[in-house]
Amino acid sequence: MSLTSAATLATLDRTGPRRITDLAAVEGVTQPAMTALVRVMEESGLVERRGDASDKRVTLVCLTEAGASYVRTRRQAGVHAFERLIGGLTGDEVEALVAALPALKHLAELESQDREGPKQ
């Protein structure tokens, strides 16, 4: 799976259903490229398109259970990789990481806000 596909699934998991144009903007690709990507992920059973109850002209891209499961599995694999790597650090290095966690969390929040743009 491409990084853009994985990032798009993660965005849908974090933010819920989105328009293709919104997903394209968040992921930094063109609308036609996102349309093609959504089609492939739809054929793979990871996403589905649904109508927007508030605006019948709009189609939203939604995660399926398979898509949500894929995101959870990838995240868990990342957690295990970090656990393994942190296990090789010294006590002082682990303490330095713990001290840096608030700043790292803030950076992640800033990046998320920047990528997602204004909420609908």
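User: In this structure, what does "buried" mean for a residue?
Analyst: The model is a predicted one. A residue with over 50% relative accessible area is called exposed, and partly exposed lies in between. Buried stands for a relative accessible area under 20%.

User: Which residues of helix H2 are buried?
Analyst: Helix H2 covers residues 20-27. With the cut-off for burial at under 20% relative accessible area, the buried residues of H2 are Ile20, Leu23, Ala24, Val26 and Glu27.

User: Around the axis of H2, how many degrees does the arc of these residues cover?
Analyst: The residues in question are Ile20, Leu23, Ala24, Val26 and Glu27, all buried. They lie on the same side of H2, because the arc they cover around the axis is only 165 degrees.

User: Which residue follows H2, and what is its phi?
Analyst: H2 ends at residue 27. The residue that follows is Gly28. Its phi is positive, near 75 degrees.

User: In what order do the helices and strands come along the protein chain?
Analyst: The protein chain has five helices and two strands. Read from the N terminus on, the order is α-α-α-β-β-α-α.

User: How many bridges join S1 to S2, and do the strands run parallel or antiparallel?
Analyst: Strand S1 holds residues 47-52 and strand S2 holds residues 55-63. They form a hairpin with two residues between them. One of the pairings is that of Asp52 with Asp55 in S2. The number of bridges is six, and the direction is antiparallel.

User: What is the radius of gyration of the protein chain?
Analyst: For a compact globule of 120 residues the value would be near 14 Å. The C-alpha trace of the chain spans about 55 × 30 × 25 Å along its principal axes. The radius of gyration of the protein chain is 17 Å.

User: What percentage of the residues in the protein chain are buried?
Analyst: The accessible surface of the chain comes to about 8,000 Å². Carbon and sulfur atoms hold 59% of that surface. Of the 120 residues in the chain, the buried part is 28%.

User: Of the contacts between residues at least 6 apart in sequence, what share join residues at least 24 apart?
Analyst: A contact here needs heavy atoms within 4.5 Å. Among contacts in the protein chain between residues at least 6 apart in sequence, the share that joins residues at least 24 apart is 47%.

User: Which residue forms a salt bridge with Asp13?
Analyst: The whole structure has five salt bridges. The one at Asp13 brings N and O atoms to 2.5 Å at the closest. This pair links distant parts of the chain, 62 residues apart, with Asp13 in helix H1 (residues 3-15) and its partner in helix H4 (residues 65-86). That partner is Arg75.

User: What is the N to O distance in the salt bridge of Glu48 and Arg50?
Analyst: Glu48 is partly exposed at 29% relative accessible area, and Arg50 is partly exposed at 43%. Their side chains meet in a salt bridge with an N to O distance of 2.4 Å.

User: Which residue meets Glu42 in a salt bridge?
Analyst: Glu42 is partly exposed, at 31% relative accessible area. The N to O distance of the pair is 3.0 Å, and the partner is Arg49.

Methods. Residues numbered from 1 in each chain as written. Predicted model: local features only at pLDDT ≥ 70, side-chain atom pairs only at ≥ 80, totals over all residues. Heavy atoms only, no water. Buried < 20%, exposed > 50% of the residue type's maximum accessible area, 1.4 Å probe, protein only. Helix = DSSP H or I, 4+ residues; strand = E, 2+ residues; numbered from the N terminus. Arc of directions from axis to C-beta. Pairing = 2+ DSSP bridges. Rg over C-alpha atoms; globule rule 2.2 N^0.38 Å. Areas by Shrake-Rupley, 256 points an atom, 1.4 Å probe, with all protein chains shown as cover. Salt bridge = Lys/Arg side-chain N within 4 Å of Asp/Glu carboxyl O.
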